[in-house]
Amino acid sequence: MDKAEIIRFGGHDWRVLDVQNGRALLLSDKIIEKKPYHNEYEYITWETCELRKYLNGEFYDKFSEAEKSMITQTTVANDDNLWFGISGGNATDDKIFLLSLEEADTYFGDSGDYQNMKRVNWDSVDKKFVAHDYGYYLSNDYDKDRVAEFENNKDKWNWWWLRSLGRDYDFAAYVHERGCVYVVGELICGDWDGFEGGGVRPAMWVNIW
């Protein structure tokens with residue numbers, strides 16, 4: 001199994017992001033569904049949000065017993081939002097999770113500029129991670145790789161959640177439909193009519209031998 005390979009598992013296509021010690025890190029190749037990050041407008045972390053509960057409960061239970069035996073429980077780091085100083089909360093032990101801001105950088109270009117808090121003008125010709133003057137989002141040559149279509153063709157493209165918090169404890173970071181990374185985040189549950197939530201691209205580590 002090689003990085004960037006697309007495999008079929010549990011009724012969905014998954015992109016191989018990493019391979020280590022007999023395990024592969026998989027990310028759904030397309031957006032599987034839309035969900036709010038949380039079901040109430042309140043301060044939360046990844047540890048306490050409803051989307052984590054759903055992914056490790058109802059979503060995980062859709063896999064067969066044979067598939068479940070391949071999915072490994074992983075200690076997931078929930079680092080602080082470096083741009084806004086918001087605590088990510090406790091590390092969690094998850095079967096299924098979302099990518100973090102750090103992982104959205106590492107596995108899509110590995111520029112390191114999110115961690116270095118690189119801020120240059122939007123009009124800069126620099127081809128690394130570029131930040132809006134107000135620190136709202138990151139954009140670089142790898143935006144196109146982060147663009148995701150909706151699996152059921154309900155929408156051709158959609159934005160998708162990251163597990164990291166945004167500018168406050170009721171915002172979560174996300175990847176825009178154009179592929180840039182909104183470090184500032186979006187409200188965890190919409191308070192406007194018609195809000196269905198952000199796109200969900202689950203990730204997991206699976207045993208491959």
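Here is a short walk through this predicted model, from a sheet to the core and then the cysteines.

Let's start with the sheet. Four strands make up an open sheet, in the order S1-S2-S3-S13, and the pairing is antiparallel. At the edges you'll find S1 (6-9) and S13 (203-207); each has a single partner strand, so one side of each is left without a neighbour in the sheet. Going from one strand to the next, the twist averages 45°. In general, strands of a sheet pair through backbone hydrogen bonds, in either a parallel or an antiparallel way.

Now zoom in on one pair. Strand S2 covers residues 12-20 and strand S3 covers residues 23-28; the two run antiparallel and are joined by six bridges.

The largest nonpolar core has 58 residues. Which residues have the most contacts inside it? They are Tyr-37, Leu-51, Leu-55, Trp-161, Leu-162 and Met-204. Take Leu-55 from that group: leaving aside residues up to four places away in sequence, Leu-55 touches Trp-46, Tyr-60, Ile-96, Phe-97, Leu-98, Val-200 and Pro-202.

Finally, the cysteines. Are Cys-49 and Cys-189 buried or exposed? Cys-49 has a relative accessibility of 3%, so Cys-49 counts as buried. Cys-189 has a relative accessible area of 12% and is buried too, because the cut-off for buried is under 20%. As for disulfides, the structure holds zero of them. A disulfide, as a reminder, is a covalent bond between the sulfur atoms of two cysteines.

How values were computed
Residues numbered from 1 in each chain as written. Predicted model: local features only at pLDDT ≥ 70, side-chain atom pairs only at ≥ 80, totals over all residues. Heavy atoms only, no water. Disulfide = S-S within 2.5 Å. Buried < 20%, exposed > 50% of the residue type's maximum accessible area, 1.4 Å probe, protein only. Core = buried A, V, L, I, M, F, W, Y, C linked by side-chain atoms within 4.5 Å. Contact = heavy atoms within 4.5 Å. Pairing = 2+ DSSP bridges. Axes fitted to C-alpha atoms, helices over the stretch in contact; angles between N-to-C directions.
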